[in-house]
Amino acid sequence: MRMRTLVSVSLALLLAAGAGACSAKSANEAAGTPTPGTTRSAEAPGTSPEASPEPSQSPESEPSPSPGATGSPSPSGKPNPGGKNEIGVVGCRTGVPSTKPIATGTGPGGSLLSTGTQGVALTFDDGPDPINTPKILDLLKNCGVKATFCLVGFRARDRPDLVRRIVAEGHTLCNHSWQHLFDLRKRTDQYILHDLGKTNDEIHKIVPGAPISWFRAPGGNFTKHLVDLAGSLGMRSIYWKIDPRDWESAKFGHGSSMVNHIIGAVQSQTRPGAIILSHDNGKPDTITAYKTLLPWLKARFILIPLPVPHAP
Ligand SMILES: [Zn+2]
């Protein structure tokens, strides 16, 4: 009986330790995390977290990277034996971004699937979200982890405070288009350049001079031409290696069902070099999952923000 009690207490302590407790110094921040109800962000008229004109389509749902894509890290967890240096980033432990030339990626349209080093990059898409973005920022801060935020232009405009916080806390910015049109690649060059440029301009009104070195097409719907157009604006295109499909509630449900799915997917698939796709906009289950995932990932991988060029 006594043994059973001890086991129960130990288990409870372990569970508590895993609940977003990356470091002791941040315990006060973790305790202060608010738990408001769910509200919709401004200008997101429908129920879709994507504010997409194609609401039946899921966020980053297509196409999936080819399973046999080259450059994928070893399932054994060894450091990137394929030698595909997609990004050429140094580890976050140094905090020094690389200026090496960027190789063509192996994702759709030449986008990047992996960091090219042992570093694992967390990416959070579709925000800023007034409820969930502050929560993931709190978790990242608690764990001392920097990530990359792929911002939707109009949401950045509507929440300049969150854009400022993302930058102030050392995360990397990524352009995720103005309003998340899944068919962006099919629009005219003029439209695409205006859309991406407007997004960058709006972000720079809020955080002048902040590097926006990355672009992710809505849905990951890249073409080489779209990658080239983003490149003409000084942005490199990122896809992902791991998609836990945190948007697919029809399949994985909500609440603990989705949380457990996300945790299981990320824990089973993450290898050195991976770019992991997640969503902060309208995805409270993703935030809950990262309470467990951040300490777990940090204990096993070097977590890096995607690099930005040296400041002039
Ligand atoms: Zn998206």
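1. A residue is buried if 20 or more other C-beta atoms lie within 10 Å of its own. In this predicted model, Arg185 has 20 C-beta neighbours inside 10 Å, so Arg185 counts as buried. The cut-off is 20 or more, and the count for Arg185 is 20.

2. Where does Arg185 lie? It is in the loop between β3 (172-175) and α6. Setting aside residues up to four places away in sequence, Arg185 touches Ala217, Asn221, Phe222, Thr223 and Leu226. Take Thr223 from that list. Arg185 and Thr223 stand 38 residues apart in sequence, yet their C-alpha atoms are 6.6 Å apart in space. Leu226, another contact of Arg185, belongs to α7 and also takes part in the meeting of α6 with α7.

3. The overall picture comes next. The protein chain holds 10 helices and 7 strands. Of its 312 residues, 49% count as buried. Consider contacts between residues at least 6 apart in sequence: 80% of them join residues at least 24 apart.

4. Two packed helices are described by the angle between their axes and the distance between the axes. For helix α6 (residues 189-206) and helix α7 (residues 224-232), the axes come within 10 Å and cross at roughly 50°. That angle makes α6 oblique to α7. The crossing is right-handed.

5. Which residues make the α6 and α7 contact? From α6 come Asp189, Ile192, Leu193 and Leu196; from α7 come Leu226, Leu229 and Ala230. By class, the contact has 6 nonpolar, no polar and 1 charged residues.

6. Is Asp189 buried or exposed? With 12 C-beta neighbours inside 10 Å, Asp189 counts as exposed. The cut-off for exposed is 12 or fewer. Asp189 and His225 are 36 residues apart in sequence, and their C-alpha atoms are 9.1 Å apart in space.

7. In α9, the contributors are Met258, Val259, Ile262, Ile263, Val266 and Gln267. In α10, they are Asp285, Thr286, Thr288, Ala289, Thr292, Leu293 and Trp296. The residues of this contact divide into 8 nonpolar, 4 polar and 1 charged.

8. Gln267 lies in helix α9 and is one of the residues that meet α10. How exposed is Gln267? It is partly exposed, with 14 other C-beta atoms within 10 Å. Pro244 is 23 residues away from Gln267 along the chain, and 10.0 Å separates their C-alpha atoms.

9. Now the core. The largest nonpolar core has 64 residues. Which members touch the most others? They are Leu151 and Ile276. Helix α10 (residues 284-300) supplies the largest share of this core, 6 residues.

10. What surrounds Ile276, leaving aside neighbours within four places in sequence? Its contacts are Val120, Ala121, Leu122, Thr123, Trp240, Ile242, Val266 and Thr270.

How values were computed:
Residues numbered from 1 in each chain as written. Predicted model: local features only at pLDDT ≥ 70, side-chain atom pairs only at ≥ 80, totals over all residues. Axes fitted to C-alpha atoms, helices over the stretch in contact; angles between N-to-C directions. Helix = DSSP H or I, 4+ residues; strand = E, 2+ residues; numbered from the N terminus. Parallel < 35°, antiparallel > 145°, perpendicular 65-115°, else oblique. Left-handed = near helix turned anticlockwise from the far one by under 90°. Contact = placed C-beta atoms within 7 Å. Nonpolar A, V, L, I, M, F, W, Y, C, P; charged D, E, K, R; others polar. Core = buried A, V, L, I, M, F, W, Y, C linked by C-beta atoms within 7 Å.
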